[in-house]
Amino acid sequence: MHPSRQRRGGYGALLMHALESEALRRGIRRVDLSASLPSKRFYDRLGYATECEDYIPPVGNGKRLDYYAMAKTLDAGR
């Protein structure tokens, strides 16, 4: 999503809740994902826990890409 559209209307959270509901319907009880630093807070608010913090060495201009392995156990009664 374009940055100017982020944090408006709760569309990201609605989408994630729909995906989690579909996962539960299919019998999936745990979701694992990788989050970038800018998106980490979004997933924190949705109840995802950081399991590991890491980075990918230089991706250009000597910068590195920080990322977080995150997971959430889905609850059928939510």
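**Close-up views of a predicted model**

**View 1. K72, a lysine in strand β3.** K72 is found in strand β3 of this predicted model. K72 has a relative accessibility of 12%, so this lysine counts as buried. The cut-off for buried is under 20%. The side chain of K72 makes a polar contact with the side chain of E20, at 3.2 Å. Leaving aside residues up to four places away in sequence, K72 touches E20, R29, R30, V31, L46, G47 and Y48.

**View 2. The largest nonpolar core.** This core has 12 residues in all. Its members are M16, A23, L24, V31, L33, A35, Y43, L46, Y48, Y68, M70 and L74. Find V31, L46 and Y48 among the core members. K72 touches these three residues too.

**View 3. L74 and its contacts.** L74 belongs to the largest nonpolar core. Residues up to four places away in sequence are again not counted here. L74 then touches E20, A23, L24, I28, R29 and V31. Among them, A23, L24 and V31 are also core members.

**View 4. A nonpolar patch on the surface.** I56, V59 and L65 form this patch. Together they have about 250 Å² of accessible area. V59 sits in strand β2, residues 49–60. Is V59 buried or exposed? Its relative accessibility is 54%, so V59 counts as exposed. The cut-off for exposed is over 50%.

Key: Residues are numbered from 1 along each chain as its sequence is written. This is a predicted model: local features need pLDDT of at least 70, side-chain atom pairs count only at pLDDT 80 or more; totals for chains, interfaces and linings use all residues. Side-chain values use heavy atoms; hydrogens and water are left out. A nonpolar core is a set of buried Ala, Val, Leu, Ile, Met, Phe, Trp, Tyr and Cys residues joined through side-chain atoms within 4.5 Å. Buried means under 20% relative accessible area, exposed over 50%, partly exposed in between (1.4 Å probe, protein chains only). Contact means heavy atoms within 4.5 Å. Helices (H or I, at least four residues) and strands (E, at least two) are DSSP runs, numbered from the N terminus. A polar contact is a pair of N or O atoms within 3.5 Å; within protein, one must be able to donate a hydrogen and the other to accept it, and residues adjacent in sequence count only if both atoms are side-chain atoms. Patches are made of residues with over 30% relative accessible area and no salt bridge: like charges are joined within 9 Å, nonpolar side chains (Val, Leu, Ile, Met, Phe, Trp, Tyr) within 5 Å. Accessible areas come from the Shrake-Rupley method with a 1.4 Å probe; for residues, only the protein chains shown count as cover. A salt bridge is a side-chain nitrogen of Lys or Arg within 4 Å of a carboxyl oxygen of Asp or Glu.
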